[in-house]
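Welcome! Here is a short tour to read alongside the sequence and the 3D view, taken one topic at a time.

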Amino acid sequence: MASLWPFISQMNPDASTIAAGAPIEVDLTPIASGQDIKVFWRGKPIYIMNRTKKQVDEARSVQVSSLPDPATDQSRVKEGHDQWLVVIGICTHLGCIPIAHEGNYDGFFCPCHGSQYDSSGRIRQGPAPANLPIPPYQFVSDTKIQIG
Amino acid sequence: MSGPSDFQPTNPVIKWIERRLPIFGLVHSSFVAYPTPRNLNYWWTFGAILSMMLGLQILTGIILAMHYTPNADLAFRSVELLVRDVNYGWLLRNMHAAGASMFFLAVYIHMFRGLYYGSYKEPREVLWILGVIIYLLMMATGFMGYVLPWGQMSFWGATVITNLFSAIPYVGDSIVTLLWGGYSVGNPTLNRFFSLHYLLPFLIAGVVVLHIWALHVAGQNNPAGVEAKTEKDTVAFTPYATIKDLFGVSCFLIFYAWFIFYMPNYLGDADNYIPANPGVTPQHIVPEWYYLPFYAILRSIPNKLAGVIAMFSAIIVLAFLPWLDSAKTRSSKYRPLAKQFFWIFVVVCVLLGYLGAQPPEGIYVIAGRILTVCYFAYFLILLPLLSRIETPRPVPNSIADDVLAKYGKKVASIAVAFVVAGGLVAGSAQNARADEQETPPSQSWSFSGPFGKYDRGSLQRGLKIYKEVCSNCHSLSYIAFRNLADAGGPGYSVAQAAAFASDYKIKDGPNDAGDMFDRPGRPADYFPSPFPNEQAARAANGGGLPPDLSLITKARSYERGFPKFIFDFFTQFQEQGPNYVSAILQGYEKKPADVTLPEGTYYNKYFPGHAIKMPQPLTNGQVTFDDGSPATLPQYAHDIATFLMWAAEPQMEARKHLGLQVFVFLIIFAGLMYFTKKKVWADAH
């Protein structure tokens with residue numbers, strides 16, 4: 001009954017864990033074109049990639065309906081900041097961290113079971129069922145994003 | 001559990017299981033159809049109460065273990081953060097701590113019941129001895145549990161009790177080193193106490209199973225002490241005993257809830273809110289109230305080894321009771337002499353408990369010795385003597401006859417006796433404070449009482465005083481900036497708390513160059529300490545260490561004296577800490593002519609010993625308030641004490657609020673149980 005709730009609720013994240021998971025701000029200026037960095041938020045690795053024009057064009061020229069998990073590149077970036085890709089670096093198969101700038105699609109390659117993602121973080125081949133997830137984020141200025 | 005059960009299930013699934021593992025039949029014959037004497041009184045509900053308490057302690061304990069860290073450097077903080085941050089963490093901690101006291105209270109009542117009604121006599125000797133084993137396991141569990149928060153009393157209690165074993169000749173010191181895992185009580189000790197504290201309750205549960213098994217072989221004793229002979233003497237356990245147990249349990253829960261929600265620190269010691277310091281022994285080391293009688297016996301004997309032997313013997317002697325008291329009449333109801341000496345024995349135990357909390361000086365020592373002799377004389381001289389010379393009154397022919405006779409007036413007076421006795425012992429646990437101290441005046445606080453709330457304005461003014469004055473020397477390391485926006489606190493918004501945080505410089509790093517750097521504070525950061533480490537703090541303060549203020553209002557207390565501590569239990573007085581803090585701040589006076597102060601100290605009326613290293617921190621006009629409150633010392637003292645009470649217990653309003661809901665529920669529930677019990681028993685009397 002209701003008296004059981006405290007015993008169950010105590011297992012939820014406590015106030016300090018929630019506070020430690022507050023949004024973070026990341027400065028984009030040190031990331032040159034073609035480079036990427038990895039930051040941690042809520043214990044998860046997040047890739048922030050400054051894509052070259054070639055990578056953006058490659059991502060946009062793919063026929064969306066042929067993708068295992070169809071999604072346009074435009075839907076996975078913020079309007080006006082098309083070269084910036086922000087994805088959670090956890091493979092949607094069984095949770096390893098994919099390696100950036102690897103694989104046939106100049107995207108991500110997961111060494112555990114061979115899943116390959118493209119330069120928009122979308123799954124192209126391999127056992128992973130879904131695209132790399134996008135965390136909640138927004139641009140607070142042209143050179144700074146807030147994740148969370 | 002004697003012979004095959006008469007349980008005949010009709011449900012096919014139950015029949016299938018029953019044929020392969022007759023567990024339903026076992027439950028049926030043990031707790032449903034089980035013949036129970038029909039004349040049992042409410043002292044017999046404590047078995048069920050104890051089973052419930054064991055289950056609750058195990059449940060809350062396992063949950064607490066999900067958040068507790070058993071390492072000497074981290075344990076104290078992990079308990080505080082558990083209480084502050086984990087959802088309902090304060091509730092779980094209070095349940096477990098108060099639960100231990102309730103567990104012992106129930107077990108003492110259970111044992112005294114056994115003593116009075118002769119429940120240890122043939123054929124229940126093994127049942128009784130299993131109970132003694134459970135009691136010993138409980139004492140070990142309780143002792144180790146108290147060490148885990150790693151406060152001053154945890155550490156020094158562990159040191160004193162483990163040192164007991166050094167009294168053993170030749171191997172004593174080796175045994176103590178083995179127990180410690182080191183050259184003194186330290187991290188290895190804490191770690192192994194945690195492991196054993198987790199283990200022992202399951203051993204207790206196993207012995208409880210044996211205890212109930214042994215009980216069911218012999219059947220329960222009853223107030224007349226006459227065994228059940230015919231079916232007229234007994235009723236089925238369910239629903240008759242079940243409903244009576246439920247009613248007893250609900251009344252007990254009300255008493256338990258009083259401590260959980262309104263008096264969580266009444267039975268504890270303020271010193272345990274000070275982190276363990278191996279270099280400083282508290283002035284009065286006191287165990288928890290349930291060990292006090294044995295502590296008194298230990299201290300009564302001037303010889304170290306003899307004292308230890310006496311203390312353990314005081315418990316072991318219980319196991320021999322069936323042979324020490326060989327009187328044929330079981331129940332003291334029919335033994336006029338034994339009955340009187342029983343009550344004298346109860347008073348002896350209570351007085352021993354009171355003495356256990358007093359400093360071992362003067363008349364307390366003499367009284368302790370006399371009472372120790374009385375305690376042992378009761379078992380070793382009196383009971384054997386009475387079984388030979390006493391002429392008992394005639395017992396009833398059967399339980400059925402006993403039910404038809406008149407009884408009942410004794411119950412109320414016994415209950416009163418226990419309440420007073422309990423109050424004396426509980427209050428005496430608080431008497432071990434410094435005795436020559438000037439008592440701080442009692443002030444009125446907005447947060448006192450069952451409906452108390454923090455005054456938001458006072459909290460905000462207190463925060464300002466802390467920030468402008470106290471934080472120069474005192475840290476507040478358990479409060480994070482985000483707490484300023486929590487419910488039940490100073491009432492800032494999340495944005496205001498973030499802005500407040502950003503005013504502070506927090507050390508962070510190392511950066512990619514390997515250097516530490518400063519950055520603006522964030523809501524998740526804790527208030528920074530004014531000094532980088534203890535040595536720097538001492539160097540800046542003439543060798544004294546300004547204590548962290550997060551828990552100061554729970555870590556300071558003073559003796560309330562008799563009979564105040566009895567009224568305190570009913571008025572929920574828990575405000576010794578704020579009274580003390582407020583008094584210290586206003587207690588600086590000109591040193592009297594006949595007093596010499598050590599170099600570098602100041603005279604303070606309320607500080608124990610009167611010589612305080614802190615110069616007067618607050619004077620009139622030092623801090624100005626935006627809300628127009630007077631800039632006077634009494635105002636500062638009141639506001640900073642209120643703020644520090646919140647810092648020590650940010651969840652107080654939630655605690656009292658939930659307490660009210662729980663009390664309303666429990667009172668209604670107890671009422672329902674009572675009327676159901678009356679209905680069920682209507683045809684049985």
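**A sheet in chain A**

Three strands of chain A form an open sheet in the order β2-β3-β4, and their pairing is antiparallel. Keep in mind that this is a predicted model.

- The edge strands are β2 (36–41) and β4 (84–88) of chain A, each of which pairs on one side only.
- From one strand to the next, the twist averages 20°.
- Strand β3 (residues 44–50) of chain A is joined to β4(A) by five bridges, and the two run antiparallel.
- To find one facing pair, look for I48(A), which stands opposite V86(A) in β4(A).

*Where chains A and B touch*
- Chain B brings 15 residues to the contact, and chain A brings 12 residues.
- On the side of chain B that touches chain A, the elements giving two or more residues are α3 (46–65), α4 (75–85) and α5 (89–117) of chain B.
- The largest share of that side, three residues, comes from α5(B).
- That side of chain B divides into 11 nonpolar, two polar and two charged residues.

*Domains of chain B*
- The domain assignment of chain B gives domain 1 (1–30), domain 2 (34–432) and domain 3 (456–658).
- Domain 2 and domain 3 of chain B have C-alpha centres that lie 38 Å apart.
- Their contact takes 15 residues from domain 2 of chain B and 18 residues from domain 3 of chain B.
- On the side of domain 2 that touches domain 3, α4, α10 (237–262) and α17 (409–428) of chain B are the elements that give two or more residues.
- The residues on that side of domain 2 of chain B divide into eight nonpolar, five polar and two charged.

Definitions and conventions: Residues are numbered from 1 along each chain as its sequence is written. Chains are lettered from A and ligands numbered from 1 in the order in which they are written. This is a predicted model: local features need pLDDT of at least 70, side-chain atom pairs count only at pLDDT 80 or more; totals for chains, interfaces and linings use all residues. Two residues are in contact if their C-beta atoms, placed from the backbone, lie within 7 Å. Helices (H or I, at least four residues) and strands (E, at least two) are DSSP runs, numbered from the N terminus. Ala, Val, Leu, Ile, Met, Phe, Trp, Tyr, Cys and Pro count as nonpolar, Asp, Glu, Lys and Arg as charged, and the others, Gly among them, as polar. Two strands pair if DSSP finds at least two bridges between them. Axes are lines fitted to C-alpha atoms, for helices over the stretch in contact, and angles run from 0 to 180 degrees between N-to-C directions. Domain bounds come from an automatic or database domain assignment.
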